[in-house]
Amino acid sequence: MNNLLNFSAWQQALVATLFTWGVTALGAALVFAFKTIRNNALSLMYGFAAGVMIAASFWSLLDPAINLAQSQDRLPWLVVAIGFTAGGFFLYLADKLIPALYLKHSRHEAASQSSLKRVILLVFSITLHNIPEGLAVGVAFGAISATQNGSQTAAIVAAITVALGIGLQNFPEGAAVSIPLRQSGMSRTRAFMYGQSSGIVEPIAGVLGALLVASVNTILPYALAFAAGAMIYVAGKELIPEAHARTKAESHWAIFGIMAGFTLMMVLDVALG
């Protein structure tokens with residue numbers, strides 16, 4: 001903990017998001033061991049990632065946002081409501097305003113595309129969604145320097161928890177990019193490179209988020225709630241539907257994954273925080 005405090009906020013965020021990017025690469029590296037992954041396993045992984053993100057959004061982001069808003073003599077329920085809805089609405093606009101991403105969600109249009117092009121759209125979609133995930137990590141680490149000394153340990157634990165949660169959900173995302181590319185005929189090396197590259201935006205977004213929050217303390221509770229809203233949107237819009245879609249006849253694997261991920265993150269946050 002003390003060693004971590006010796007770094008500036010943007011350096012902490014950079015290290016953390018390099019970790020999340022590394023987990024993305026680790027997931028993409030599964031292409032070297034497998035050409036396909038059983039749907040049950042993928043469903044469990046996506047569900048687990050969703051559960052981790054849902055739990056982290058409250059204990060590591062919304063709860064600190066509420067406490068910060070109270071310490072700043074603001075209406076905590078209003079602050080978190082504004083930030084949370086703004087985070088979700090931001091990703092909703094991204095889905096609607098970027099034609100390539102919107103095309104991915106239209107089954108009739110996607111059906112007319114080649115298999116490789118659909119996979120490329122998937123890469124683009126995951127890359128886009130990694131931007132707010134990187135921001136979430138950056139905001140969490142930026143909050144450390146903005147908190148009082150007595151609360152810094154809790155802030156560090158919360159930030160590490162967010163980075164861990166994002167990293168865990170990046171693992172199946174990396175595999176979800178590289179393995180379909182391999183199935184479409186691409187070499188293992190190229191499929192891996194595309195898979196890991198979907199996470200390259202996270203260190204950039206993480207540093208920007210940390211710099212912004214560390215320099216403007218008044219927006220910190222809003223930023224934390226914003227990151228939580230973005231994470232819930234990703235979990236509800238992408239991860240949970242994907243988890244169920246993998247095994248329609250055995251959707252309990254998705255539920256087991258969600259509950260396991262939520263429980264693990266909840267235990268980590270409560271026990272360490």
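The end C-alpha atoms of residues 12-34 lie 34 Å apart, and this span is 74% helix and 0% strand, where helices (H or I, at least four residues) and strands (E, at least two) are DSSP runs numbered from the N terminus. For residues 191-213, the end C-alpha atoms are separated by 36 Å, with 87% of the span in helix and 0% in strand. Both spans are listed under the UniProt annotation "transmembrane region", taken from an unreviewed entry, which also covers residues 41-62, 74-98, 119-144, 150-171, 219-240 and 252-272. UniProt positions are given in the numbering used here, feature names are shortened, and such annotations may be inferred rather than shown by experiment.

The model is predicted: local features need pLDDT of at least 70 and side-chain atom pairs count only at pLDDT 80 or more, whereas totals for chains, interfaces and linings use all residues. Residues are numbered from 1 along each chain as its sequence is written, and side-chain values use heavy atoms, with hydrogens and water left out.

The chain contains twelve helices and zero strands. Of its 273 residues, 48% count as buried, a class defined by under 20% relative accessible area, with exposed set at over 50% and partly exposed in between (1.4 Å probe, protein chains only). Among contacts with a separation of 6 or more, 83% join residues 24 or more positions apart, contact meaning heavy atoms within 4.5 Å. The accessible surface of the chain amounts to about 12,400 Å², and carbon and sulfur atoms contribute 68% of this area. Accessible areas come from the Shrake-Rupley method with a 1.4 Å probe; for residues, only the protein chains shown count as cover.

Helix α2 (residues 9-28) comprises 20 residues and reaches 29 Å from its first C-alpha to its last, close to the 28 Å expected at 1.5 Å a residue; the expected span is 1.5 Å times one less than the number of residues. Its buried residues include A9, A13, A16, T20 and A28. Two of these, A9 and A13, are in contact with A210, as are W10, G138, V139 and G142, leaving aside neighbours of A210 within four places in sequence. A210 itself lies in helix α10 (residues 201-215) and is buried at 0% relative accessibility. The C-alpha atoms of A210 and S8 are 9.3 Å apart, although 202 residues separate them along the chain.

P64 is placed in helix α3 (residues 39-71) and counts as partly exposed because its relative accessibility is 22%. Beyond neighbours within four places in sequence, P64 is in contact with F58, W59 and L224. Its C-alpha atom is 10.0 Å from that of V80, 16 residues away in sequence. In the loop between α3 and α4 (76-97), D73 adopts a positive phi of about 55 degrees although it is not a glycine. D73 is exposed, with a relative accessible area of 73%.

I255, which is found in helix α12, is partly exposed, with a relative accessible area of 36%.
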